[in-house]
Amino acid sequence: MKKSAAVLIGGVLALSSVGCGSGSTTEPGGKVQVNINGQPPQTQAFDRKVFDEDVAEFEAANPDIDLVPHEGFMDPKTFSAKLAGGQLEDVFYVYFTDPAALIARRQAADLTDYVKDVPHYGDIKQELKDVFTADGKVYGLPTANYTMGLLYSRTNFTKAGLDPDNPPKTWDEVRAAAKKLKDAGVTGFAEYSKSNQGGWHFTTWMKSVGGDIARKNGDKYVADFNNDKGKEVLRRLKEMRWDDNSMGEKQLLEIGDVQNMMGAGQLGMYLAAPDNVAAIVNQFKGKYDDYGLAAIPEQKGTLLGGEGYMINPKATPEKIKAGLKWVQWKYLNPDRLETNLQKYKDRGQPVGLPIPPIADVWTGEPRSKQEELKAKYATMPVKNFQAYVDGSEKTKGSLEPPQAQQVYAILDSVVQAVLTNSGADHAALLADAETKVNAVLAQVK
């Protein structure tokens, strides 16, 4: 949801005279021309500058490759038409929710014989590589990921007599902390419940207690939340909202509302990914020192999201090799990590959160090196977010359900009812949502 709900900026792309992903493999002089997307728009000045500098540096180091950048990402609404019309870039950005469908429709190149030559491929987390793998074949590279955790105000924890260095680890502890925060004069815990975000977070809750939203039944998906796990989630929400009044009277919140509450010092905790910390600081005038990020309560599971790159199925072997070389060099290159961190720090960008340029994709030696360099160049107290980093290593992440946005829209109404009606019938809400979600899942091919 975090990524798939973002506004796509692809639009109508300016295409080179040779088009995207079509035309000859090489230019005069023997260069391999590769069309790539993922270039940030000019409104994101810092990110655009870094991207363009990286293109120039890569081309200088690889004089046989000519990169042709395009703004935007993979838009599911226009993807098939662009592919059929020869307008799809050779290397294209995808969210983690995209690969399965693209692979099933044979709309991405088989990279199995190529990834063995990609440096450090073996050090990438297996659960992330699995997103781009089907029937033992590889179709893409993950370049960044996130999992959901518990974001909290260290300032308000201290105010409420809670230890900011020992955040809640279970939902019972979250409830107890929320009550103390309420008694200290702030909203203890906040939850989204509209714009599909209530369903998104309900999914996160389900995973945290070992449940899920959908499961495979033969060759079809069916709803999997009308059970004891679903009732547990609704019971916990009801307890904090109505029994304890630690969630406050104002409901029907969405992400901007909650970030604003946190930035204004009015909130204790909410579920979030690491990029929320930067958003609160940049958009709502918070301070990095004031926030902490912990692992998801219970740690029985969490929602996994992220991004990566796939290759046009019409690409020649030369373009595939060149495209993978670019993706690895820019996004999956431990040897450039220190240079990138120095660049970010020198240009006044935040360093220390588990977000790019510190993508949480590594295991083994690259991960150890990354954590060491992150501490060395940090512009904020890294220890505030260490509980999240440590917890992500121990907590299994899993993807959003099929037809996620339609499913979330249905589940919004369940969360809304629980948070706005003290007498809501949890069993009836779950049963009704199950029927509707099954109808949506029946459309999955």
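A residue is called buried when its relative accessible area is under 20%, exposed when over 50%, and partly exposed in between, using a 1.4 Å probe and protein chains only. Helices (H or I, at least four residues) and strands (E, at least two) are DSSP runs, numbered from the N terminus.

The structure is a predicted model, in which local features need pLDDT of at least 70 and side-chain atom pairs count only at pLDDT 80 or more, while totals for chains, interfaces and linings use all residues. Residues are numbered from 1 along each chain as its sequence is written, and side-chain values use heavy atoms, with hydrogens and water left out.

**Domains and a covered helix**

The protein is divided into domain 1 (32-138 + 305-332) and domain 2 (149-301 + 395-442), with bounds that come from an automatic or database domain assignment. The C-alpha centres of domain 1 and domain 2 lie 33 Å apart.

In helix α15, which covers residues 386-394, the buried residues are Tyr 388, Val 389, Gly 391 and Ser 392. Among the elements that cover these residues of α15 are β6 (140-147), β7 (149-153), β12 (291-294) and α14 (364-377), where contact means heavy atoms within 4.5 Å.

Strands β7 and β12 run antiparallel and are joined by four bridges, and two strands pair if DSSP finds at least two bridges between them. Within this pairing, Leu 151 stands opposite Leu 293 in β12.

**Aromatic rings**

Rings of Phe, Tyr and Trp (its six-membered ring) pair if their centres lie within 6.5 Å, and planes under 30 degrees apart count as stacked, over 60 as edge-to-face and the rest as tilted.

| Pair | Centre distance | Plane angle |
|---|---|---|
| Phe 46 and Tyr 344 | 4.9 Å | 85 degrees |
| Tyr 93 and Tyr 95 | 5.4 Å | 90 degrees |

Because Phe 46 lies in helix α1 (residues 45-61) and Tyr 344 in helix α13 (residues 337-346), their pair ties together parts that are 298 residues apart in sequence. Phe 46 and Tyr 344 are both buried. Tyr 93 is buried, with a relative accessible area of 5%, and Tyr 95 is buried as well, with a value of 7%. Tyr 93 and Tyr 95 also belong to one aromatic cluster, whose members include Phe 51, Trp 326 and Tyr 331.
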